[in-house]
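Keep the viewer open as you read.

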Amino acid sequence: MDKSISKPITTADPYKLVFVCLGNICRSPTAEGIFLHKVKEEGLQNYFYIDSAGTAAYHVGESANSKSQATANKYGVHLPSKARKFEYADLEEFDLILAMDSENYRNIKELDTKDKFDHKIKMMREFDPQPDMKDVPDPYYGGMDGFENVYRVLERSTAALLNELKPLIQK
Ligand code: 4NP
């Protein structure tokens, strides 16, 4: 197993994940909210530290987009995020950095100038059991159907991710 998903997970040393998109108001807050919901449902909240961020600063301080919130709420999922910009310190801080699309991935890698953190940076859809494309498509300029699609992709991708992490938990 690769280094980023092989550390033992304990309450003393929780696994830290950050979901990253462009604006941190649509895709990454949705991934964060769904993953948080799943972790709480399984009573595992003390084993994870879950966050999200954006590679751009346009929306810093904002809550999740109203269409993202409406879609998540329909499935009983709350999106708690306040947008912030992804920064160099996040490369050091987090165990797993999940880019929603290839552009986000490139922008994260641009901060990793010494190529020290490559093992922690992954595409979200590497975990998608039905990956019809590499990216979680940006829904920002489209209608509700795009937000619904993003939700479904992230629902199954985060479920698979949590299943991969659970065996590392040491109770
Ligand atoms: P996100 O969507 O990256 O999924 O949060 C976007 C949000 C805002 C913009 C683009 C994408 N924007 O151009 O402001």
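Predicted model: local features only at pLDDT ≥ 70, side-chain atom pairs only at ≥ 80, totals over all residues.

## The ligand site

Which residues are around the ligand? The residues around the ligand are Cys21, Leu22, Gly23, Asn24, Ile25, Cys26 and Arg27, together with Tyr58, His59, Asp138, Tyr140 and Tyr141.

The side chain of Arg27 has a polar atom 2.8 Å from an oxygen atom of the ligand. His59 also uses its side chain, with an N or O atom 2.8 Å from a ligand oxygen. With Ile25 it's the backbone that takes part: a polar atom there sits 3.0 Å from an oxygen atom of the ligand. As for cover, the ligand exposes 360 Å² when taken alone, and the protein buries 93% of that.

## Two site residues up close

Take Asn24 and Tyr141, both on the list of residues around the ligand. Is each one buried or exposed? Asn24 is buried, because its relative accessible area is 0%, which puts it under the 20% cut-off. Tyr141 counts as exposed because its relative accessible area is 75%, over the 50% mark. Bear in mind that only protein chains count as cover in these values.

Asn24 belongs to the loop between S1 and helix H1 (27–41). Its phi is near 60 degrees, a positive value in a residue other than glycine. Tyr141, for its part, is in the loop between S4 and H5. If you want a sense of span, Tyr141 and Lys38 are 103 residues apart in sequence, and their C-alpha atoms are 28 Å apart in space.

## The sheet

Now for the fold. Four strands make an open sheet in the order S2-S1-S3-S4, and the pairing is parallel. Strand S2 (48–54) and strand S4 (121–123) are the edges, each pairing on one side only. On average, neighbouring strands are turned by 25 degrees against each other, ignoring direction.

S1 and S2 pair over seven bridges in the parallel sense, and here Leu17 stands opposite Ile50 in S2. Although S2 is an edge strand, S2 is mostly covered, with six of its seven residues buried. Strand S1 (residues 15–21) also pairs with strand S3 (residues 96–99), again parallel, over four bridges. Val20 stands opposite Ala99 in S3.

## Helices on the sheet

Helix H4 (residues 102–111) lies across S1, S3 and S4, and runs at about 170 degrees to S4. Helix H5 (residues 144–165) packs on the sheet too, where H5 touches S1, S2 and S3. The direction of H5 makes about 160 degrees with that of S1.

In the loop between H4 and S4 you'll find Asp115. Asp115 isn't a glycine, yet it has a positive phi of about 55 degrees.

One last stop: Asp90, found in helix H3 (residues 88–93). Why does Asp90 count as buried? Because its relative accessible area is 6%, and anything under 20% qualifies.

What does the side chain of Asp90 reach? It reaches the backbone nitrogen of Glu87, at 2.8 Å. Leaving aside neighbours within four places in sequence, Asp90 is in contact with Arg84, Lys85 and Ile97.

Definitions and conventions. Residues numbered from 1 in each chain as written. Heavy atoms only, no water. Pairing = 2+ DSSP bridges. Helix = DSSP H or I, 4+ residues; strand = E, 2+ residues; numbered from the N terminus. Axes fitted to C-alpha atoms, helices over the stretch in contact; angles between N-to-C directions. Contact = heavy atoms within 4.5 Å. Near = heavy atom within 4 Å. Polar contact = N/O pair within 3.5 Å; in protein donor to acceptor, adjacent residues only side chain to side chain. Areas by Shrake-Rupley, 256 points an atom, 1.4 Å probe, with all protein chains shown as cover. Buried < 20%, exposed > 50% of the residue type's maximum accessible area, 1.4 Å probe, protein only.
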